[in-house]
Amino acid sequence: MRGRSATVAGAVQRETDSSPELDPGTPHETVWWDPLAHLRGPGRPEVDVFMSGTVFLDIIFTGLPTPPTPGTEVWAAGMASCPGGIANLAVAASRLGLRTTLAAGFSDDVYGDFCWETLAEQERVDLSRSRRFDQWHSPVTVSMAIDRDRSMVTHGHELPISPDELVGTPPPCRAVITSIGEGGLEPVLPEWAARARRDGALVFADAGWDPTGAWDRAMLGSLAGCDAFMPNAVEAMSYTRTDSPAAALHALADHVPLAVVTCGGDGAIAVDATTGEEAAVPALPVNALDPTGAGDVFGAGLVLGTIAGWPLRHRLLFAGVSAGLAVHEFGGSLAAPGWGDIGDWWQRVAMEAAHGSRAAAELRCRYGFLNDLVPRTHVCGVRRAAATIARRSDLTRPDPPNRPDPPQRP
């Protein structure tokens, strides 16, 4: 079906929480936006997107002046703690209004408690397909953002059971997001993803970075089981043995209906054989503070636009706005924007354009389709990551009373 013009088809959802942790005896209403309200109804899948993978506890340092070297200490300007790994994608999808189900393994340790509660209670990610494991500790990643790039140190162990055993039979859903040959395995599509596609789900895939440097071309054969492939430019050129993102895109388009190549600060390019569209869009100009999870946010935006039937150019631009707003904050998964954040940004653009800003006027023209997408009523924004492992981080929780500043470290 050819992508139609983006039109307002969402609906407000209201939730009331009278938890005593918030304000005893006082109900709090949280307003969310459902951009796929026009697709809801009897006989339709209740799950929009299903995914499976590893959840890490991410500790992110930002604003480092230089990389740390042996025997030295480097102070970071910012720090965040949040669920990472596949949680980056799950949070991004949920915050954009996609009903998201995640199958992942969680430890019974404190880190596991934090990640589970953050995803299930704060981010509204359905964990009914996830499991807790005794005596298996949470994978941990320390990420250091330096000069628009990042370096990571990770520790973890294999899940006690296989991914296919963990997932079992996927729930009926509109789409699944997966990696091909994740973790250096043979480049094949997971069996659970193939099963979901046989049951009618769209399969969105990436292949990730190949630490071996082999870039096995057998991966291209796996794309026959996918509906969309979303690598970055380096990955795309490496797998296709081409010397430009555009050449890589057209090589990938021979293997998969929707081929998308992200090019960082140069934007994104795509070919959609199902609609006959080809598009290239620039990136949103932002001051990038932390690139952690930006690709996942882009992917979530693309999935939403594809399910909703938007034109390809609008899908790419919306995904780029979402990713751009994410890297403008620090906090990995919890830097992903919600509809409230997108609406706030769009209002600022319109206001600055009205006051004579040429740059804002260009943005208003380029992203004009957002007028038909952004909610016309107030909806919930999102809570960014806390520096330390927070007890709870609800948007509706009242601000704590004023406290004296802690003593400064000598």
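Reply: We will take the ground rules, then cavities, then a sheet.

Reply: This is a predicted model, where local features need pLDDT of at least 70, side-chain atom pairs count only at pLDDT 80 or more, and totals for chains, interfaces and linings use all residues. Residues are numbered from 1 along each chain as its sequence is written, and side-chain values use heavy atoms, with hydrogens and water left out.

Me: How many cavities of 30 Å³ or more are there?

Reply: A cavity is a set of points, on a 1 Å grid over the protein atoms alone, where a 1.4 Å probe fits but cannot get out. Points join across faces, edges and corners, and the volume is the space filled by probe spheres set on them. Here the count is three.

Me: Which residues line the second largest cavity?

Reply: Lining residues have an atom within 4 Å of a point. Among them here are W32, W33, R95, R124 and C380. Strand β2 gives the largest share, three residues.

Me: Which strands form the open sheet, and in what order?

Reply: Strands are DSSP runs (E, at least two residues), numbered from the N terminus. Two strands pair if DSSP finds at least two bridges between them. Here four strands run in the order β5-β4-β9-β10, with mixed pairing. The edge strands are β5 (78-85) and β10 (149-155), each pairing on one side only.

Me: How many bridges join β4 to β5?

Reply: Eight, and the two strands run antiparallel. In one of these pairings, F56 has G84 in β5 as its bridge partner.

Conventions
On a 1 Å grid over the protein atoms alone, a cavity is a set of points where a 1.4 Å probe fits but cannot get out, and a pocket is an open set with protein on both sides within 12 Å along at least five of seven lines; lining residues have an atom within 4 Å of a point.
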